[in-house]
Amino acid sequence: MRKPIFILSLLMIFSMVVLGSGEAVGKEPVFGKTYEEIVKLAKEEGIVEFASGMSSDDRLTARIMKPFVEKYGIKYKHTLIIGTESRERILFELIAGRCDYDFINTTPVLIPKYLKTNQYAGPFDWQGLFGKEFKINPRFISPDKRMITVGGTAFGFTYNPKLVPKERIPRSWNDFLDPWWKGKFVIVTRPLAFAAMYPHRGKEETLKYMRDLAAQKPIWLNSFNSALAGVISGEFPAIVGMNRSDVLNQLDRSPEAKSSAVMVLPDEVYTVAYFHSGVFKQAKHPNAALLALAWFVSENGGQKQFDKEIHRGDPLTPGTEIVATLKKLGAKSYPNGWELTPEMEAQISKEIVQAWGMPKGR
Amino acid sequence: MLLKIAILRKRWNELWLFLKRYPLMILMMGILLCLILVPIIAVIITSFQVGHPAMPEGWSTDSYRYALKLPLFYKAALNTIILAGVGTSISLSIALFFAWLIERTDMPCRDLAWCLLLIPLAMPGVLFALSWALLLGPRGGIINVFLRYIMDIFGIHLTTGPINIYSLGGMMFLDGIRGVSTIFLMTVGAFRMMDPALEEAARASKAGRVSTLFRVTLPVLMPTILLAAMFRFVLSMESFELPLAIGLPANIFTLSTLIFFITRINQPMDYGAACVFAVILMFFMLLLIIAYRYGLRRYASYATVTGKGYRPRVIPIGKWRYLALLMFILYFLFMVVLPFLVLFWGSLLPVYLPFSLESLKLVNFSNYIEIFTAGRFSLALWNTLQVTVVTATAAMFLALIASWIVTRSELYGRGILDTLLFLPLSIPGIVVGLAFVMVFLKFPFNLTGLYGTLWIIILGLITQNIAFGTRVMNSAIVQIHKELEEAAFVCKASQAKTIFAITLPLLFPSFAAAWVWTAISAMRAFSVPLMLESKNTYVLATLMWAYWDEGSISMASVVGVLLIVVLIPITFLFRRFIVNISGQQG
């Protein structure tokens, strides 16, 4: 009698485990073949679920997405994710067959891993499918036509005016090599700003600058937001390589912090493309995701909303806030788009991290 | 040769009879051993593989060659040993002093002090570390701001400090005061139960109180003290939250944060090297655990309680008792009150600002309204509750069955089972998390669909806590005579019925105390959930860290305040169970 019970128990547990499995992996989603078909299917799907670092405020997200929702009546669900580790975690979940999002904005250094594990659907003929409805600049489409970018990120410095005297306000990248700044500034361990510097300054000069910066014994933090919170709270005087839009967004949300944090764009402003996204093969709402991404990359859709709402305008598009600011400052901008490929960025990041004295990885 | 075959056949028949007799029990033991051994094996295997763990590209010792050539590895190893050594010494000094004061002297409010010393046990390490970052940050830390104000009055003008928590010294200080409760719990019983005859003999020979303490009391209790110190050293070696919050900003790595750094922060992430560090850390921890077990066996019969009747003697310390109480109050201030106050201050501001008249004007309770209306906190609370209850219940039932097999059965190899059940103590939480990632990304476990669910966190925490559960159940079961169970067998009760209807009710106080302790451990767990959490499976401790990482210090403070408020009554419940078990007056 005990033997059957034993076998039965084994079977029950095995069934529960198997039945509890995540979504099946690998089935290609079905996309509409025309814009009208895509819209029809997207409306049937009814919702698009995505994750990004675009906004931590639901009201701000609602303002960004409002034109899309009003135009198509498709709902959205946005989850805030911060940092490379959250994108890596999502990659693991996808590999394990679990897909909670239709797309995410991933960091460029992880794109090769996503591509290697075959996570993205496509390629898509963006102009052919959406060109009549949206104005899409091909500059924002990846070479393999699976992914898009929206807007850009400009890097500079943030400082606390209560801790930095007027004569020490940084105006250029090399200011932080002054002995006064030793131990007084934060560097975020994601080397985005410096990877953007690399194609323009060259390898030797950039890595020398990295070694010189590391010799100034900076404080190392792993997120821009926690670094900014540290400046506002008076713990850290400044951040080098700070993301301009994060600072301005935080000051928009918390005007009382304006006396504690000032964003400075230096004489050389390096920018990178933002919102690298592609539809996942395992997406539950693939057409809604594709339509949303097409809207995001369009000039009057996401590009305009990012510029207006979260200070992430494209530095090469006339009329954006960042272009006006750079013109006013007389600063020179060094933009990076898809020509700075994810593979290149991953390699550059390795070299920068090694120059900092941290494990370079393999 | 024939004799050997006959012996082997006999063992096999015994094993098969045992399997036939207790199939469910064996199945559960199989699951438990898988939980312990499969992650360890996965980490070791990944350390010898090339490429991403989910897409290995071959075998190589390249990870070992790379990892062992990293200067940072040796720095991290040294920092780990220094932190553990100095932190344990600080904890030991303070804990022994308090144990002596509370159990052997007439210090006032001793019972209250006993209860209050438990509270730090329930505080998640991340909460403690982040609150001290706000208190002793070199520029904005509230204590530093106050000290600079005082020093200004005396003409000493500093722009930073005078104390910098982001240093190895700062980490040692925090680790030291945090470890006091653990050592206190492990040694206070010995102080209470020690026969005072030796101390009386010392006093009769005109030795003073201090002299008696250092030359009689402590040497007599040395085995207990050494065991407690070793256990605390092991916990300190695997410490993760303090080095994460305090060490990383200062580029001070320990082995646990090095593993986290190169799998979560550094780009690109390197799982091979991380697994090498994990293997090395596990190896060192295993050596420590073996030494600890040796010490347990060797000193288990070391008697401080004799057959003669005695009354524990309280030593009057005269006017020093108020100073003693003041020292205890100071410790409680550092450990609980100050962290709570700074978090409460932070929770009342829209954005964290140092204390000033301007920032006082911004104080309001809107963060509390937001946290209860936003979905994140309620989801984290519900997840924490599920994780806590399921982990504690599953771990304790598995521990009960495992301990029954080890102590009551005649199964060949039960000693090996007991050793294997102790093994998780040598696996730091961060390694458990990493190991489960490795396991559930690979075939066939990636088919289970458990990755990214609450279950994978629960399984990780069961693995972490099973060793404690089995130790408690082993001690409890051996105290119950077999004849009670034999009587049940005579009445034709099944094994399962006997365990749950006879044995469990008899050892329920121990079971319940261990359940509460495991629940507290699961509730404050951080490193395992941090490595394994997913979109909707974060718990309160990781939610606090997420808010901090997002720059929302105020929201992180709200979570911290609520955590402390919830955990305090639970620790008093734990204290009550301990009182019931030991028969002490509450």
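Predicted model: local features only at pLDDT ≥ 70, side-chain atom pairs only at ≥ 80, totals over all residues.
In strand β8 of chain A, the residue A238(A) is the bridge partner of F185(A).

**Strand β8 and its partners**

- Strand β6 of chain A, residues 185–188, pairs with β8(A) in the parallel sense. Three bridges hold this pairing.
- Strand β8 of chain A covers residues 238–243 and is also joined to β5(A), this time antiparallel. Five bridges link β8(A) and β5(A).
- Six of the six residues of β8(A) are buried, leaving the strand mostly covered.
- In general, strands of a sheet pair through backbone hydrogen bonds, and the pairing is either parallel or antiparallel.

**Strand β5, an enclosed strand**

- Is β5(A) enclosed by the rest of the structure or left open? Eight of its eight residues, 152–159 of chain A, are buried, so β5(A) is largely enclosed by the rest of the structure. Buried here means under 20% relative accessible area.
- Strand β9 of chain A, residues 262–264, runs antiparallel to β5(A) and is joined to it by three bridges. Within this pairing, V264(A) in β9(A) is the bridge partner of F157(A).
- Strand β10(A) also runs antiparallel to β5(A), again with three bridges. Here G152(A) stands opposite A273(A) in β10(A).

**A three-stranded open sheet**

- What is the order of the three strands in the open sheet of chain A? The order is β2-β1-β3, and the pairing is parallel.
- Strands β2 (75–80) and β3 (103–104) of chain A stand at the edges. Each has a single partner strand, so one side of each is left without a neighbour in the sheet.
- Strand β1 of chain A, residues 47–52, runs parallel to β2(A), and six bridges join the two. In this pairing, I47(A) stands opposite K75(A) in β2(A).
- Helix α11 of chain A, residues 286–297, packs on the sheet and touches β1 and β3 of chain A. The direction of α11 makes about 60 degrees with that of β1(A).
- Helix α3 of chain A, residues 58–72, lies across β1 and β2 of chain A. It runs at about 145 degrees to β2(A).

**Cavities**

- How many cavities of 30 Å³ or more does the structure hold? It holds seven.
- The largest cavity contains about 270 Å³ of space. It is lined by 23 residues, and the closest to its centre are L221(A), S226(A), F236(A), Y166(B) and W548(B).
- Elements of chain A and chain B each supply at least two residues of this lining. Among them are β7 (219–221) and α9 (224–232) of chain A and α28 (540–549) of chain B.
- By class, the lining of the largest cavity has 15 nonpolar, six polar and two charged residues.
- The second largest cavity has about 70 Å³ of space. Its lining includes P108(A), H276(A), W338(A) and E345(A).
- Two or more residues of that lining come from each of β10 (268–273) and α14 (342–355) of chain A.
- By class, the lining of the second largest cavity has six nonpolar, five polar and one charged residues.
- A273(A) is one of the residues lining the second largest cavity, and A273(A) in β10(A) also stands opposite G152(A).

How values were computed
Residues numbered from 1 in each chain as written. Chains lettered and ligands numbered in written order. Heavy atoms only, no water. Pairing = 2+ DSSP bridges. Helix = DSSP H or I, 4+ residues; strand = E, 2+ residues; numbered from the N terminus. Contact = heavy atoms within 4.5 Å. Axes fitted to C-alpha atoms, helices over the stretch in contact; angles between N-to-C directions. 1 Å grid on protein atoms, 1.4 Å probe; cavity = no way out; pocket = protein on both sides within 12 Å on 5 of 7 lines; lining within 4 Å. Points joined across faces, edges and corners; volume = space filled by probe spheres on them. Nonpolar A, V, L, I, M, F, W, Y, C, P; charged D, E, K, R; others polar. Buried < 20%, exposed > 50% of the residue type's maximum accessible area, 1.4 Å probe, protein only.
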